[in-house]
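Please look over the sequence and the structure below before reading on. The text then goes through them step by step.

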Amino acid sequence: MGASATALLDDWRTMPAIDHHCHPLRRWPFELSAVELRGAFTEALDAQMAEHHVVNTVAYQDAIRRIAAELRCDATESAVLAQRNAADPAEYAKRLMARSTTGMMLVDNGFATTESFPLSEQEMALGITQREIVRLETLAESLIHDASDPHEWFDAVRAALRVRIARGAVGVKTICAYRASLRLEPVDTDALGVAFGSLRSRAERDQSIRLAGNAICHALVFEAAKECQELGVPLQVHCGFGDPDEDLANASPLGLRPLLIDSAYRGLRIALLHCYPYHREAAYLCSVFSGVHMDLSLTIPFAALEGPRAMREALGLCPTSKLLYASDATRYPEVYLVAATLHREALADALGELVERRVMSRSAAVDAGRQVLAGNARRLYPLPNGPRQ
Ligand SMILES: [Zn+2]
């Protein structure tokens, strides 16, 4: 790391970040196994990956080294697990989360299981302000029982979004890329009717339902976008890599074009999540559409040296007022700490290089980092302390 990057890290050292996209922690106490820890550093669903291959990723080896340094133990997985499993879980989590210098967490709760902390408990347990991001598809699935046609259903979804935002949620997230192509198509009312009918009859038979397919998922995204625009909250869109449930070929943010060019959505603010390997496409969208923002989130802890490279590429076109910090961490405090540390380093690396090449002044780089770590999220979301630079 160059001298400018080191100086930048020092400038931001005590500055609390706003993690604009993360998931709930796992409620303690529990004994963490090697496979569970590895599972938090991969998007693989195939158990063989956590069993045999994650340990052979550069990112996991680096994560173990970093966690071990924090715990002052040998840099091995078994030493890390022994140390953390012997610690008082509440104090341990609080200590690691404090070391991540996170001031506020915007949590996608759609991912929660019975093992996860509800947000109010998580806030108490960590001493970090929590705000909810509503997961659109999960909410919509829960409301299909009482609707007799797609219109009624969309009305119910939009009303529920209004209630959730009024109660303190600060944004809406769509996982359309997991359920359909992200290349949005105009609503096909016939196909929508058919898809709704079959979901509705599954729901009536009390079978579990799962929204999927372009007709229904795209129509839902358009409705949610309209509601977000009216409520003045951002729509987060999962794009780029994730678990293999999604087809990465259809997960480029470029497919969101209808939302970006149709004047009906003017003023809508969008936060593109993860983005990699489409982070350059995302940066392009940020450079031409005022409402578009982006993050690199799990690219940073998962992609080893590709993380800082992606950061540098994102900063090519993306204004520094539109890049957001996110850990995308889940379950274990170690993951939040590793993601936060790596993210600050990647940001310092990319901005430090610009300072050293005299492309950017040092004070502009310090300020840009502050924007990315917290200022941009304060402007984008309706947060408790109001908009601040
Ligand atoms: Zn996520």
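Two strands pair if DSSP finds at least two bridges between them. Helices (H or I, at least four residues) and strands (E, at least two) are DSSP runs, numbered from the N terminus. This is a predicted model, in which local features need pLDDT of at least 70, side-chain atom pairs count only at pLDDT 80 or more, and totals for chains, interfaces and linings use all residues. Residues are numbered from 1 along each chain as its sequence is written, and side-chain values use heavy atoms, with hydrogens and water left out.

Start with strand 7, residues 292-295. Val292 and Met294 point one way from this strand, while His293 and Asp295 point the other way. All of them are buried, that is, under 20% relative accessible area, where exposed is over 50% and partly exposed lies in between (1.4 Å probe, protein chains only).

Strand 7 runs parallel to strand 6 (residues 270-274), and three bridges join the two. Here His293 is the bridge partner of Ala271. From strand 6 the chain passes through helix 14 (residues 279-288) to strand 7, a right-handed β-α-β crossover: with the strands pointing away from the viewer, the path from the first strand over the helix to the second runs clockwise. Strand 7 is also parallel to strand 8, with two bridges between them. Asp295 has Leu324 in strand 8 as its bridge partner.

His21 lies in strand 1 (residues 17-22) and Asp328 in the loop between strand 8 (323-324) and helix 17 (333-356), so the pair ties together parts 307 residues apart in sequence. His21 counts as buried at 1% relative accessibility, and Asp328 is buried at 12%.
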